[in-house]
Amino acid sequence: MTPRLLTRTLLAAALGAGLATSAHAGLANGSFEDLLVEMPGSLFVQTAAENVPGWMTTASDGKIEIWQGMGPNSEVPEGPSEDGSRYAELNATQSSTLFQDVTGVAADAIVGWSLAHRGRTGEDTMRLTITDLGEDGVFGTLDDEELFTDTFTDGLAWQQHSGTDIVALGNTVRFAFEAVSTANGDLTTGNFLDAADFGVGVGVPTPPVPEPGTWAMMLAGLAATAGIARRMRRA
Ligand SMILES: [Ca+2]
Ligand SMILES: [Ca+2]
Ligand SMILES: [Ca+2]
C-alpha cells in the first residue's frame, strides 16, 4: 500500500466510524421521504395511503397528508421538516389513526421507539399507542395487549421523543399515531410527525460522536503518518 493510499484508507475508516448508524428500523418510511406521487412546488398533498409506502390509515377516504419543508430558511410559516424534506400531518381530511403493523419482533425482545412532533399553529397534542395484536394478529380483538401509550404536547419547534423499555410479546405490533387536540381546535389541521421509528435498538442513545478536538487530533495523527511515509520514501 502506498503512503497516500494508506492515508486515504485511514481517513475513510475514521469518517466511516463517525457516520455509522446502528439502529434496527422496524418501521418502513418512518421519515415520510418515500412518496409515490409528485408534489412539485406544493406545500402538501392529501393522497391515497398506497402512495405513502409503509403507512396505513383508518380514515374512511384512505387519505394521508404529506408536507414538504422548504429548508431551514423557509418563507413558509409551517417551516421545514425535522429529518429529510418531508413529514406527515396527522389527519388528512378526517379524524383517524395513522399506523403501521410491524411483524418479526421476537418475544421478550426489548424494543424502543422514537419520533419527532410539533404543532402547526401553536401547541398540538398527539398520542402514540403501541399494541401487541395477540395470537390472532387482528387489531381490536380481546387478545390485544397495549404495550405503551403516551401523549405529547409540542409547540412550533420540532421536539424529539423516545422510549426504550417495551418488552415485545412476539406477535404483530401496531404502532399508531392519533391527534388528540390542536391549537386551532380543528383535529384535521395540526400535529406534524416526522422521523418515526420502532424496533430493537431504537431510542437508545447513540455512541458519542468524537468531539471536534478529537477529530483534529486524529487528522494531525494522519498527517504525521503521511509525513513519516513521505520521508521514508525519500530515504
Ligand atoms: Ca422526513
Ligand atoms: Ca389535514
Ligand atoms: Ca388481536
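A residue is called buried if 20 or more other C-beta atoms lie within 10 Å of its own, exposed if 12 or fewer, and partly exposed in between, with the C-beta atoms placed from the backbone. Keep that in mind for the views below. This is a predicted model, in which local features need pLDDT of at least 70, side-chain atom pairs count only at pLDDT 80 or more, and totals for chains, interfaces and linings use all residues. Residues are numbered from 1 along each chain as its sequence is written, while chains are lettered from A and ligands numbered from 1 in the order in which they are written.

**View 1**
Asn-91 sits in the loop between strand 4 and strand 5. (Helices, H or I with at least four residues, and strands, E with at least two, are DSSP runs numbered from the N terminus.) Is Asn-91 buried or exposed? Asn-91 counts as buried because 26 other C-beta atoms lie within 10 Å. Its phi is positive, about 75°, although Asn-91 is not a glycine. Most residues other than glycine have a negative phi.

**View 1. Asn-29, another asparagine with a positive phi.**
Here we are in the loop between helix 1 and strand 1, where Asn-29 lies. Asn-29 is not a glycine either, yet has a positive phi of about 60°. Asn-29 has 17 C-beta neighbours inside 10 Å, so it counts as partly exposed.

Let's zoom out for a moment. The chain has two helices and eleven strands, and along the sequence the pattern reads α-β-β-β-β-β-β-β-β-β-β-β-α. Of its 235 residues, 28% count as buried. The mean pLDDT (the predictor's confidence in each residue, from 0 to 100) is 85 for the chain, and 82% of the residues reach 70 or more. (Two residues are in contact if their C-beta atoms, placed from the backbone, lie within 7 Å.) Where pLDDT is low, the predicted coordinates should not be read in detail.

Strands count as paired if DSSP finds at least two bridges between them. Strand 4 and strand 11 pair over two bridges, and Ala-88 has Leu-193 in strand 11 as its bridge partner.

**View 2. Strand 6 and its two partners.**
Strand 6 is mostly covered, with eight of its nine residues buried. Seven bridges join strand 6 to strand 9 (residues 159–167), and seven bridges join strand 6 to strand 11. Ala-116 stands opposite Gln-160 in strand 9, and Gly-112 has Gly-199 in strand 11 as its bridge partner.

**View 3. His-161 in strand 9.**
His-161 has its place in strand 9 and counts as partly exposed because it has 16 C-beta neighbours inside 10 Å. Which residues does His-161 touch, not counting those up to four places away in sequence? They are Ser-114, Leu-115, His-117 and Phe-152. His-161 and Ser-114 are 47 residues apart in sequence, but 5.6 Å apart in space, C-alpha to C-alpha.

Strand 5 (residues 97–102) and strand 10 (residues 173–181) pair over six bridges, and Phe-99 has Ala-176 in strand 10 as its bridge partner.

**View 4. The largest nonpolar core.**
A nonpolar core is a set of buried Ala, Val, Leu, Ile, Met, Phe, Trp, Tyr and Cys residues joined through C-beta atoms within 7 Å. The largest one has 33 residues, and those with the most contacts inside it are Ile-64, Ala-88, Leu-90, Val-173 and Leu-193. Among the elements giving two or more residues to this core are strand 3 (63–68) and strand 7 (124–132). Leaving aside neighbours within four places in sequence, the contacts of Val-173 include Val-102, Ile-130 and Ala-168.
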